[in-house]
Amino acid sequence: MQVIAHIRSPYTSKFGIPRQSNIVSELPATIVFTPEYRVAEALRGIEEFDYLWLIWQFSENVRDTWSPTVRPPRLGGNQRMGVFATRSSFRPNAMGLSSVRLLSVETHSSEGPLLHVAGADLMDGTPIFDIKPYIPYTDAHPDARSGFAPTPAQRLLQVECPDNLLMLIDEPLRPSLLQLLAHDPRPQYQHDAERIYGFPFAGCEVRFRVESERLTVVAIEKA
């Protein structure tokens, strides 16, 4: 398997990344091809598709052993399910699959052709093995059963972020940060109202606490 590209995204740590693609639907990211695959011809026609599939590696979770069961965060981290019945990152082959929205194709840059996408759930620098077009008539199954995840994980939280803190985030990324926080980036088995949580985002460290249905940002500092 050859790494054909890496993603450039505001997520620089595993903590805080959306649990599925398109949960934070407007967050921009860029796919940068490795030198061997910086070939514009390889992207001919890709602009005719609205969404793409990315096949990538859980590069921070590569290990020599595996377990046939895992503890999905969706079930509170205390119930085991078969690894192949989950999207856990702890797999025999540390492979991920995400659908992203194609925003634009930049054909002439100092790094070769670039794909600008939205809705990615990949950490900055994640290696990508393949890119395929999303085709609705075969890839979308709106009536399909969804096992233990039939609906979004939880209600959206009410986010309170003082303007003087939010201004430290680049303006185009502010709505995406608020959307990410509304989906509660904490591990789903942690509910300590006194604890201050934090994660890196777009060159800043974002710290917050959650009480009941309200998330309050207490600090945003440049990393």
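Quick housekeeping. This is a predicted model, so to speak for local features we need pLDDT of at least 70, and side-chain atom pairs count only at pLDDT 80 or more, while totals for chains, interfaces and linings use all residues. Residues are numbered from 1 along each chain as its sequence is written, and side-chain values use heavy atoms, with hydrogens and water left out.

Okay, the overall fold. We've got three helices and 12 strands in the protein chain, taken as DSSP runs numbered from the N terminus (helices: H or I, at least four residues; strands: E, at least two). The C-alpha trace spans about 55 × 45 × 35 Å along its principal axes.

Inside, 38% of the 223 residues are buried, meaning under 20% relative accessible area with a 1.4 Å probe, protein chains only. As for contacts (heavy atoms within 4.5 Å), take those between residues at least 6 apart in sequence: 68% join residues at least 24 apart.

Now let's zoom in on Ser99. Ser99 sits in strand E6, residues 95-106, and counts as buried because its relative accessible area is 13%. Leaving out residues up to four places away in sequence, Ser99 touches Ser21, Asn22, Leu52, Trp53 and Gly119.

Conventions:
Buried < 20%, exposed > 50% of the residue type's maximum accessible area, 1.4 Å probe, protein only.
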